[in-house]
Amino acid sequence: MNKAGLGATLAFLTGVAGIFLWVSMLAGPFRLASGLLDARDHLQRAERALSNASTKAARYETLAAVAATERARTGLDSKSPLRSLAEKAPV
């Protein structure tokens, strides 16, 4: 392999590694935010279903909210570099 091909390969691998690091850094906060927003929506639907005396729909929406909060918990528990920076910031 010549030097130009080796340099291009190295630049490509560096770019892929950078993309992977950015995705891993932003995945946890995105999962946290989307889980909390989904849980809020499901709980609002459950409240409306209970108002309409539809317990089956309310039960489903409550279980869906629990699943969304579990997704938010995994986002909170992730050890992403962004969370590490946030923990180091002064209060």
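Three salt bridges turn up when the whole structure is searched. A salt bridge here is a side-chain nitrogen of Lys or Arg within 4 Å of a carboxyl oxygen of Asp or Glu. The model is predicted: local features need pLDDT of at least 70, side-chain atom pairs count only at pLDDT 80 or more, and totals for chains, interfaces and linings use all residues. Residues are numbered from 1 along each chain as its sequence is written, and side-chain values use heavy atoms, with hydrogens and water left out.

**Stop 1: Asp38 and Arg71.** Select these two residues and show their side chains. They meet in a salt bridge with an N to O distance of 2.4 Å. Asp38 lies in helix α1 and Arg71 in helix α2, so the pair ties together parts that are 33 residues apart in sequence. Helices (H or I, at least four residues) are DSSP runs, numbered from the N terminus. Asp38 is partly exposed, with a relative accessible area of 30%, and Arg71 is partly exposed at 31%. Buried means under 20% relative accessible area, exposed over 50%, and partly exposed in between, with a 1.4 Å probe and protein chains only.

**Stop 2: Arg40 and Asp41.** Select this pair next. Arg40 forms a salt bridge with Asp41, and their closest N and O atoms are 3.6 Å apart. Arg40 is partly exposed at 45% relative accessibility; Asp41 is partly exposed at 27%.

**Stop 3: Arg45 and Glu61.** Now select Arg45 and Glu61, whose side chains meet in a salt bridge at 3.6 Å, N to O. This pair links distant parts of the chain, with Arg45 in helix α1 and Glu61 in helix α2, 16 residues apart. Arg45 is partly exposed, with a relative accessible area of 37%.

Is Glu61 buried or exposed? Glu61 is buried, at 11% relative accessible area. Its helix, α2, covers residues 55-77. Apart from neighbours within four places in sequence, Glu61 is in contact (heavy atoms within 4.5 Å) with His42, Arg45 and Ala46.

**Stop 4: Ser34.** Last, select Ser34, which sits in helix α1, residues 3-51. Ser34 is buried, with a relative accessible area of 17%. Which backbone oxygen does the side chain of Ser34 reach? Show the backbone of Arg31: the side chain of Ser34 reaches the backbone oxygen there at 3.3 Å.

How values were computed: Helix = DSSP H or I, 4+ residues; strand = E, 2+ residues; numbered from the N terminus. Polar contact = N/O pair within 3.5 Å; in protein donor to acceptor, adjacent residues only side chain to side chain.
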